[in-house]
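Let's take a friendly walk through the charges of this protein. Please have a look at the sequence and structure first.

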Amino acid sequence: MKCFHFTNGERRSEDGGDSGGGAVAGRVSWARSLSIASSSTASSTSEVRRSELRGGDSSEFGGGDSAGYLYMAKCGGDLRSFTFDELKSATKGFNRALLIGEGGFGCVFRGVVRQFRVSDDVDDHDNVDDDCFEEEIHVAVKQLNRYGFQGHKEWINEVNWLGVIKHPNLVKLVGYCADDDERGIQRLLVYELMKNKSLEDHLFGRVSSPLPWITRLKIAQDAARGLAYLHEEMDFQLIFRDFKTSNVLLDEDFNAKLSDFGLARLGPADGYSHVSTSVVGTVGYAAPEYVLTGKLTAKSDVWSFGVVLYELITGRRTVEINLPRNEQKLLEWVRPYVSDSKRFHTIVDPLLGGQYCKKSAQRLASLANKCLAKQPKSRPKMTEVVEILGDIIDEASSSSSSQEQVSSMPVNEAKDESEEVDEEKEVRKPGNIYLRRVLDIKEKVNLRNKSIGKLDWKNWTPGLVKSS
């Protein structure tokens with residue numbers, strides 16, 4: 001599902017003051033920023049935020065040119081600068097056979113790049129060159145659309161943020177390309193390759209085998225950790241603003257990482273409750289108060305997370321026009337079933353085949369409802385969400401392990417236990433005096449078995465006693 005700008009009445013000045021010559025000026029300043037990034041000194045994050053507020057420029061991406069370029073100056077040394085020819089060769093000429101994704105801002109291709117790496121065993125830094133070796137790295141190359149100024153802004157935004165922030169649950173930006181040729185400015189981004197594609201691919205039928213229930217829970221927790229880091233664990237707050245299943249990528253071990261920071265936005269400064277900005281995002285995922293007012297907070301991401309939790313439970317998209325009208329909007333469809341324990345199974349993804357912990361699924365739905373609270377202040381913080389998901393995972397894991405123990409019980413033992421239970425039920429019925437006597441005999445024989453270890457009740461039958 002593509003993201004785009006919402007409109008809600010009047011057009012804000014921050015959303016599009018660049019037209020005609022403004023776009024050209026923007027391109028010139030953008031190209032100039034690359035040289036600044038390689039030569040300027042780093043600036044602290046707090047200084048960037050103060051310059052943003054001082055200048056009164058509520059630019060959509062990074063708080064204006066100066067703020068964005070300061071971030072690039074800070075991270076320029078951590079990212080590799082690729083030439084366009086390098087990336088063209090890495091993707092075999094941007095071969096459509098290597099296309100792994102396509103969105104509103106460009107196409108993503110699988111590729112292989114080469115880089116030099118220093119051996120981990122090197123102790124003598126004076127002879128590093130002798131211990132370097134070349135290795136191949138599998139990457140995802142995103143080629144942004146050259147025909148839109150919005151693509152340029154997203155390119156700047158991604159380089160700014162992913163060059164600064166590092167976390168196991170955020171996708172790694174390897175480098176970028178900013179070459180000029182006869183066709184114009186080439187803007188490309190190079191990420192680590194996530195071999196299991198996106199959560200969207202696995203939930204909505206693009207992958208043959210469905211995600212197991214416990215894997216879905218762990219993916220949700222990984223994504224929550226990524227958002228918690230952005231919201232609460234840095235010196236500044238970053239609002240992701242476009243959290244959805246297609247932006248949750250999975251590595252070879254199904255660890256989840258957030259990707260696509262093109263719409264990310266600095267959170268409100270101290271003393272401010274929100275950021276006023278133009279409304280962008282994806283239909284079905286954007287928080288209603290943000291769509292109506294343009295007031296952005298971290299709780300907008302929490303709402304989006306709640307939507308994704310219901311997609312994990314149901315295996316349905318948040319908006320699906322191919323379904324009957326009363327089922328097209330996911331949040332409206334699930335509402336009557338969530339509070340009804342007898343009908344709750346109706347909304348659970350049928351691809352799971354009943355292989356899930358019902359109690360953990362209900363708790364996950366309850367957490368989703370908290371994230372979808374009408375009042376933003378009533379929604380939990382993402383750190384709280386991470387803790388709750390941890391408890392749900394523990395519960396689901398213990399439930400699945402107990403089921404495995406039951407299923408692994410020897411067939412004979414399970415049969416014997418069921419037979420004993422049935423016999424006891426029969427004995428309790430009024431008038432079954434004969435069965436009670438039989439049970440008494442059985443108990444006596446069992447006691448004798450324990451004492452002398454010779455007789456077996458199942459093989460024991462009364463014999464004839466020969467009298468003289």
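## Overall picture

In this predicted model, 67% of the contacts between residues at least 6 apart in sequence join residues at least 24 apart. The protein chain has 14 helices and 14 strands. Of its 468 residues, 45% are buried. The chain exposes about 25,300 Å², with carbon and sulfur atoms supplying 49% of that area.

## Salt bridges

Side chains of opposite charge can pair when their charged atoms come close. You will find 16 salt bridges in this structure. One of them joins Arg-379 and Glu-289, with their closest N and O atoms 2.9 Å apart. Arg-379 sits in the loop between α11 and α12 while Glu-289 belongs to helix α8, so this pair ties together parts that are 90 residues apart in sequence. Both Arg-379 and Glu-289 are buried.

Asp-222 and Arg-225 form another salt bridge (3.2 Å, N to O). These two are about one helical turn apart, because three residues separate their positions in helix α7. Asp-222 counts as buried at 10% relative accessibility, whereas Arg-225 is partly exposed at 34%. Arg-96 and Glu-102 also pair, at 3.8 Å from N to O, and here both residues are exposed. Lys-142, Glu-158 and Asp-260, in turn, are linked in a network of salt bridges.

Glu-232 is placed in helix α7 and counts as partly exposed, at 32% relative accessibility.

Methods:
Residues are numbered from 1 along each chain as its sequence is written. This is a predicted model: local features need pLDDT of at least 70, side-chain atom pairs count only at pLDDT 80 or more; totals for chains, interfaces and linings use all residues. Side-chain values use heavy atoms; hydrogens and water are left out. Helices (H or I, at least four residues) and strands (E, at least two) are DSSP runs, numbered from the N terminus. Buried means under 20% relative accessible area, exposed over 50%, partly exposed in between (1.4 Å probe, protein chains only). Contact means heavy atoms within 4.5 Å. Accessible areas come from the Shrake-Rupley method with a 1.4 Å probe; for residues, only the protein chains shown count as cover. A salt bridge is a side-chain nitrogen of Lys or Arg within 4 Å of a carboxyl oxygen of Asp or Glu.
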